[in-house]
Amino acid sequence: MRYCIVLISFFFFSCEESHYNLMFSTGDDLIGFELTEDSISFVFDEDKIINFIDLEGTNFFETPQAPHFQETKKYFIKKESLTIEKVQVIGTFSQYKKDDKYTLVKKNNHWEITFHKEDIVPFGGEFLFVINDRYAATPTFNESKNFHMEPFRENELLRSYIIWCLYIIDTEYEVGYKIKGDSIFFVFDPTIYSTINDNQGIKALYDPDVIRKVEVAGSFNEWTEYYTMERQGNIFVKGFKIDENINNWGEFKFIVDDYWVNPPFYAYNKLGHYTGLRHYNFTYKIPGKRNIKGYRIEGDEVVFFVEIKSKDLYTYWERTTADKFTFKNMFLYASFLPQEHQRIKMERISENYYEKRFNISDIPKNKSYQFNFYGNGMIFLTPPYSTTNLAHTDIWDNQQWLNFEITL
């Protein structure tokens, strides 16, 4: 089965429908690689290419994290102007160096090379295809979701136009923490942070021997204190008893030598904040608890409800609390609603409380749906940390977030 994806980078949305479409859309296929149980194949499809970028004369291969380009127009080569004779894949796993061992073999109408998963380290990162030792290929971005690029700017050539795909070999949920018994342990392992993109490029692998200190902070103490982590070999650990201070879910982040560290690409448990910048927090989830929020069953009705509390997080991106807004209305967005009517206005029951009722028969059984609440039609809620019915967006979404979930 061939995967073809595109991860579209950060757009500034002009209407609430755009938020909704990204919120519930899983995107199209993955472009550029395929996974089996024990291997990864990088696949170059000539039909998926728009044009090429000539890297000859640039310093991309010497400084791929921060290349400098001049006279931008001369770099773009039309697809029809180039005969493909050789294809190599480079990326995070090869430090962006060209090497014949990464040369693809042509098979019918595509080129391909396969590796054991253990041979591709790190297990998540960026890659691109280099043609004839000098040209970078650009994909058809609207057909894929691992496309890691912002919209083209006129007369500018940016690194993100060249590094256009992400790969993730094995996704993991509990990255950065483990739960054992009645405790939660936050764990910083330097060896998994070589694929961090902090808008300045890919950071070098953290060397445990040069790290002076690692701290952890999070919503479990409202980000009011940085806790120093204990070094255990080459990893750093900080444990807490699961008590009333540890909510059903929450957010956390590591600080290495006073630098806030983003989660690695392949961490499923990350939550995006700050529009236009790739800032993420880790999330944790406490198993075995049940605290359903956002809806209740009353007889033959499902009642969706939201009560605005001053410290609830509106919106995801700016971590702004509800007391910063004046709410004139509230909408329910839900994936079970017809596509042409994906939002519906809720009834104001009191100043800070809204409801919307449905017959149980209107919502298909034995299927999970996502929903969320939007104040003023566009300001949307991060589920409270006491919630347990959470649904996570697809790992390939460039901004990860959490929604409420309902299953009848």
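Start by selecting Lys106, which is partly exposed at a relative accessible area of 46% (partly exposed sits between buried, under 20%, and exposed, over 50%, with a 1.4 Å probe and protein chains only). You're in a predicted model, where local features need pLDDT of at least 70, side-chain atom pairs count only at pLDDT 80 or more, and totals for chains, interfaces and linings use all residues. Residues are numbered from 1 along each chain as its sequence is written, and side-chain values use heavy atoms, leaving out hydrogens and water.

Lys106 sits in strand 6 (residues 105-107) and Glu46 in the loop between strand 2 and strand 3 (49-54), 60 residues apart; strands here are DSSP runs (E, at least two residues), numbered from the N terminus. Glu46 is partly exposed too, at 23%.

Next, pick Lys86 and Asp133, another salt bridge, at 3.3 Å between the closest N and O atoms. Lys86 is in the loop between strand 4 (76-78) and strand 5 (87-91), and Asp133 in the loop between strand 8 (124-131) and strand 9 (135-139), so this pair ties together parts 47 residues apart in sequence.

Then jump to Glu298 and Arg357, whose side chains meet in a salt bridge at 3.0 Å, N to O. Glu298 belongs to strand 21 (residues 295-298) and Arg357 to strand 26 (residues 353-359).

Notes: Helices (H or I, at least four residues) and strands (E, at least two) are DSSP runs, numbered from the N terminus. A salt bridge is a side-chain nitrogen of Lys or Arg within 4 Å of a carboxyl oxygen of Asp or Glu.
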